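Hi everyone, thanks for coming.

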Amino acid sequence: MNKVIDFQVDASKYRHWRVEYDGPVANLIMDVDEAGGLFEGYELKLNSYDLGVDIELNDIVQRMRFEHPEVKVVVMQSGKDKVFCAGANIRMLGSASHSHKVNFCKFTNETRNAYEAAEKESGQKYIAAIKGSCAGGGYELALACNHIMLTNDSASAVGLPEVPLLAVLPGTGGLTRVTDKRKVRRDLADVFCSIEEGVKGKRAKDWRLVDEVIPNSTFDRTVRERALEFAEIIRKSNDAKGIALGPLSRAISENGAFYEFVEVEIDRDGRRATITLKGPDEDAPDSMEELHGQGDQAYILKLCRELEDAILHLRLNEMEIGLWIFKSHGDPKKIIAHEALIHNSDHWLANEVRHYWKRTLKRIDVTSRSLAAFVENGSCFAGILAEILFAVDRTYMMEGEFEGDNRPEASVALTDANFGLYPMGNDLSRLNARFLGEPEMIGRARERAGESLEAEEAEELGLVTMILDDIDWEDEVRIFMEERSSFSPDAMTGMEANLRFAGPETMETRIFGRLTAWQNWIFNRPNAVGKDGALRRYGTGMRGDYNMERV
């Protein structure tokens with residue numbers, strides 16, 4: 001195997017970030033180790049980042065929610081002089097494979113979305129405190145914060161210079177957040193994204209690129225005052241006790257990845273992975289206090305952590321595995337009991353687990369793989385796990401008894417989880433997106449919530465794609481898998497991404513759809529990545545040699 005990119009991080013061994021906790025305020029300091037690149041061949045100068053830097057940030061954002069619920073304000077700042085962050089490392093981008101670049105951008109987008117939503121979801125407001133140059137992906141780090149403060153001196157500016165310098169786009173949501181979130185006037189945004197030097201001082205505030213511009217002499221004091229002001233406004237308990245997120249128990253090999261409740265088996269010849277989710281062995285805790293006492297070993301949390309890690313592992317380490325098959329086994333009633341505890345509680349931990357599941361299910365939605373689910377005898381696709389059936393591209397379900405199979409007959413069960421608790425990026429439930437042209441089907445499905453729905457009932461309610469009996473099951477699913485794995489990966493990615501997100505556009509769907517699709521195309525173009533392209537020539541003193549045809 002090639003080097004395995006690991007998304008599990010030991011918080012005591014961060015190389016690029018440090019966090020200082022001070023009651024309701026946490027200072028998040030970016031101090032990138034130049035020699036700490038994930039791969040060889042580049043240095044992370046000027047607080048530039050690669051995937052390894054962002055893996056640490058993702059871990060910090062997660063731990064902030066679960067281990068430090070007392071935190072109300074997070075101040076993101078630089079540990080370097082005269083630079084906030086220079087953005088994604090250009091040498092890394094220039095030398096990385098196309099697939100790595102695209103998946104890198106996807107992961108950074110998901111991380112930005114996670115801390116951007118932390119104020120609404122967890123009562124943790126992120127402030128960007130900018131001293132020095134803040135360019136490209138560095139400004140995108142700031143844009144995802146809920147409040148941006150810029151010092152007013154000759155060296156401090158914000159900018160998105162990707163188009164003039166690199167012939168690519170600000171790929172971590174920059175263009176979308178400038179227009180949709182900051183609501184920068186279109187013509188001014190056009191100027192801003194076309195200049196190399198960025199925008200400073202009063203102009204940055206006048207153009208809505210930042211919220212405050214503060215004299216350098218009072219900057220640190222004002223940032224501290226503002227953080228405390230925001231902390232005072234945010235209404236949540238100051239006494240919540242966090243839980244530690246320990247390392248996951250897992251084994252990764254050529255054949256897959258194996259956890260306590262998740263198994264990933266890889267068929268390399270068939271270019272597919274089978275992801276099997278195991279239901280709980282134990283009954284649900286009696287109370288949130290008991291679940292809190294279980295910490296990171298609580299089933300409903302541990303399953304989510306393992307599933308997320310498996311998704312990220314497959315995305316970045318198994319890029320030729322183009323078809324993912326989701327399966328499950330266990331007692332559906334136990335799944336429903338475990339999720340009911342977090343759905344019927346206002347405990348801070350219940351809230352965090354719900355939002356964690358929401359983010360993890362969204363990772364499935366935007367994954368550029370063909371996705372299918374097999375509802376087999378003995379499966380436990382109920383509630384939260386049933387959401388996977390509506391996230392994938394197709395669902396096949398066993399119908400009736402199968403010879404020699406003594407497992408309980410295949411069924412699906414709906415709960416409140418399936419009616420809006422875990423929305424997609426378009427703010428619709430997966431069932432709403434599924435039945436966009438048949439809204440009456442939502443009512444029919446809701447009437448059957450809590451029931452064990454066998455194959456004919458699930459098909460009648462539109463919850464599965466196809467039901468198959470003992471005679472047809474093996475041949476039909478084999479033909480489907482072989483056919484899917486034979487199609488062009490590029491055509492599949494485009495088709496699936498367009499079909500998964502029916503309904504309204506949001507800032508999030510624009511980031512993962514329109515912006516990502518264009519960046520994906522541009523990352524393939526010689527103007528950016530050819531031997532004379534801008535990414536290759538950056539730092540040589542020569543501009544890119546462009547094919548000037550407009551397409």
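In this predicted model, the largest nonpolar core has 86 residues, and the residues with the most contacts inside that core are F326 and W357. Helix α12, residues 299-317, gives the most to this core, with 9 residues. There is also a second, separate core, this one of 75 residues, and A96, C105, L160 and A534 are included in it. As a reminder, nonpolar side chains in soluble globular proteins tend to be buried together.

Which residues does F326 touch, if we leave aside its neighbours within four places in sequence? Its contacts are I275, L307, I364, L371, A372, A373, F374, F381, I388 and V392.

Let's start with N527, which you'll find in helix α22, residues 526-529. Is N527 buried or exposed? N527 has a relative accessible area of 17%, and because that is under 20%, it counts as buried. Its side chain reaches the backbone nitrogen of N547 at 2.8 Å. Apart from neighbours within four places in sequence, N527 is in contact with A167, G533, A534, D545, Y546 and N547.

N498 has a relative accessible area of 63%; that is over 50%, so N498 is exposed. The side chain of N498 reaches the backbone oxygen of G494 at 2.7 Å. And where is G513, 15 residues apart from N498 along the chain? The C-alpha atoms of N498 and G513 are separated by 8.1 Å.

Definitions and conventions: Residues numbered from 1 in each chain as written. Predicted model: local features only at pLDDT ≥ 70, side-chain atom pairs only at ≥ 80, totals over all residues. Heavy atoms only, no water. Core = buried A, V, L, I, M, F, W, Y, C linked by side-chain atoms within 4.5 Å. Buried < 20%, exposed > 50% of the residue type's maximum accessible area, 1.4 Å probe, protein only. Helix = DSSP H or I, 4+ residues; strand = E, 2+ residues; numbered from the N terminus. Contact = heavy atoms within 4.5 Å. Polar contact = N/O pair within 3.5 Å; in protein donor to acceptor, adjacent residues only side chain to side chain.
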